[in-house]
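Could you walk me through how this protein is packed inside?

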Amino acid sequence: MAVVGMTVTEATDAPPVSASPPGTDWPAAPDVGGSDVTADGLARVRIAILLIGYLIVGAAAGGIFDQIEWVLIAAPVLVTAAAFLLVGRNGAIRALGAGIAIVMSVGVAVVVGGGGAGDVIDAFTSGIQGLLSTDWPSPTRADLVGAVVAVAATSTAISDELAIRRRSHLLPLLPLLLCYLGVIALSSPQGVTWRWLILLSVVAAVFAMFRNDGTLHDRIVLLRGERRVIPLLLIAMAIVAFIAIPVSLATRADPRRNDPAQTTAPLLDPIESTLALRNLDPPIELHRVTPLADESLPLRWRTAALDNYDGRRWSPSLTLRPIGTTLGPVNGPVVSADVSFLDDNLSLVPLPGDPVSVDAVVETDPARTVVRLAEPPEPGAEIRVVANLAPSTNDANEFGVTPRLVEEEASTLGDLAEALAGDGTPIAQLLQLETTLRTDFVLDSDVQGGGLQQALIDRFLRDTQRGTSEQFATAFVLLARSLGIESRVATGFVADGAADPTPGEDLVLSSADAEVWPEVRLNDGRWLAFDPVPPDEATDGAPPAPVPQVQTPAAPQPPIAPPPESDADPTETDEDINEAPTSTLSTAITWALRGGAAVGLILLPFVAAGAVVAGVKHLRRRRRLHAPTPLARIMGAWASATDVLVDAGLEIRASATDGEIAGAGGPLVAEANRDLHRLAALASAAAYGSPELPDLLAEDATRCLLSVDESMAGARTRWQRLRWRLSLRSLRPSTRSPVLG
């Protein structure tokens, strides 16, 4: 047994004390006999099993986009190949190879998705944020797919590194599990697909059989004798299946934030856009709708719906977020058609009812009231849409209408609404209200006072009974709301219904078909359209005299004289001259910041690891130097000094004495050789006896330790000092100092 005073332990066959000769760049690597790395063959088998697990996770990750993405399945392949090739190399080379493989995996995924270098940087920087700011299913943009690949590849690299270490038997499965949980969270509306969970459980069970000790041959021989392995696997699969099935059927929350996407532009006022289209002279064709089946197409196609009325206008205060091709569930009969965009100024997708899917990159709000193309279409561009068929009056009689609290804007119209709608069920009142407005009121698109302010709508209903189509729609909605019925205003196109459409025939939507109409919500969630606008325009030319209007932004304003034209040529200012270089400089700064962020993200794990190592060493030294007794502080200073020597490359055998350690370490701290021997002598005196003035001796020991530190740091370059301070030799059981502080 070792004598505690000499700070040695029992080891008779340990290697001799040795130190790197002075002047060498760095000491030789220690003996790997006590290495924590698994035998190469067994390590590769464990890595191959993990690859199968990550291939399964990649297949499951297609649920994020509601379709199989092969680049997600192939995400761990390059990282696994690098781990296979570098199993026998040191940790730094393995980490470098893994980092290169991760970047290459993301690059391949982005290129396959049609992206560029900017998308690769976005995948590492803002990719996850962009993914969370989209609605499910996420659009298959290159940066979003690259972000998922980056997470999967990074998790694979961590699992592969843990798989080759002896002390981490099942720990490599933890990154795999966390990656799968992230996939489930991002594809939460789809639910847990139990087949992936069962396959992963089998992979985990097989991985657990290959414990990382001994050789691959030893594990195979051992497993041959375990005849109970297959029955146990079958039992495990059955248990997982029984657990997975109810979990997959449970309702789960979607973790995506409701933040608006950074690339979303503000939505223009749909009513103003509709009026502008209707006023085009001559009218132009905007959409051509081709049915996919031999069926008649509906005549009404909605582009937007608005339910926020502030007393002056219908405000399009919507948050549009990118989404994939699937927008909602199927509720009854659907309409499938190809919609052509005949003008590049169009962006809103016309739909006959609640959307089911749109075969394009689009943005939408949570209620799916607006579906907008993410990029302006080329003239003639065609997209495929599937939408639920709009409900009919019979559906309203079957399901009923949704009630609504009467708000302040509609509360003043309650008596008038009851007078116009009469008695009966809510749907009967709505039909009567529609009939009254169509027959007893007059449509006049050129009427004075045709705004949507509350005062003008009240005047239209109570006095003039003459207004524009948007006033009819607004009045119907406010009257319905005063009856306590959920309603809103919609915009879009209503094709000419003079002749019934022929089954299978195309439907052309022109600017003359642009309309505004009211809708009422049914209890099944669908919206029923009404048409309170008279079919014919007024022919008389005697509209009532207008009353003074309240000065609001929507009220007509007096004409403003145009500014005088100047014959002088525009003068080029210094601002104009410097505009292009400033823009170029701004672009360069943006790319520099993105590149710096990407490099910082790659280096972040290494910086964090270095901080952990430095923190552990600092806490250990602090604990030693602040021991409760002076003798313990002396021993702690000597133990810290031996750690300094070990990190510099000194190998200390377990039976070495304090004097032998000081003699072997002297060449490494030439300027503090005397202080090193002094510290060794103090440690021996503290271990063997009770020296006088122990407090002073403890202070002297601390001074000697600081001298050793300064000498060690002064004899090395900046890079060598960094490697010395972050060395793991003093922390590893196989290479650390036998001196206990």
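Predicted model: local features only at pLDDT ≥ 70, side-chain atom pairs only at ≥ 80, totals over all residues.

Residues are numbered from 1 along each chain as its sequence is written, and side-chain values use heavy atoms, with hydrogens and water left out.

Let's start with the cores. A nonpolar core is a set of buried Ala, Val, Leu, Ile, Met, Phe, Trp, Tyr and Cys residues joined through side-chain atoms within 4.5 Å, and buried means under 20% relative accessible area (1.4 Å probe, protein chains only).

| Core | Residues in it | Named members |
|---|---|---|
| Largest nonpolar core | 56 residues | Phe 65 and Val 106, with the most contacts inside it |
| Another core, apart from it | 38 residues | among them Leu 416, Leu 420, Ile 457 and Leu 478 |

Beyond its neighbours within four places in sequence, Phe 65 touches residues including Leu 72, Leu 131, Leu 144 and Val 148; contact means heavy atoms within 4.5 Å.

Now the helices, which are DSSP runs (H or I, at least four residues) numbered from the N terminus. H1 (residues 40-60) packs against H8 (residues 173-186) at about 5°, axes 10 Å apart. That makes the two roughly parallel, a label for angles under 35 degrees. Leu 50 and Tyr 54 are among the H1 residues that meet H8.

Finally, Gln 429 sits in helix H16 (residues 426-440). Is Gln 429 buried or exposed? Gln 429 is buried, at 14% relative accessible area, and its side chain reaches the backbone oxygen of Gly 422 at 2.9 Å.

How values were computed:
Buried < 20%, exposed > 50% of the residue type's maximum accessible area, 1.4 Å probe, protein only. Axes fitted to C-alpha atoms, helices over the stretch in contact; angles between N-to-C directions. Parallel < 35°, antiparallel > 145°, perpendicular 65-115°, else oblique. Polar contact = N/O pair within 3.5 Å; in protein donor to acceptor, adjacent residues only side chain to side chain.
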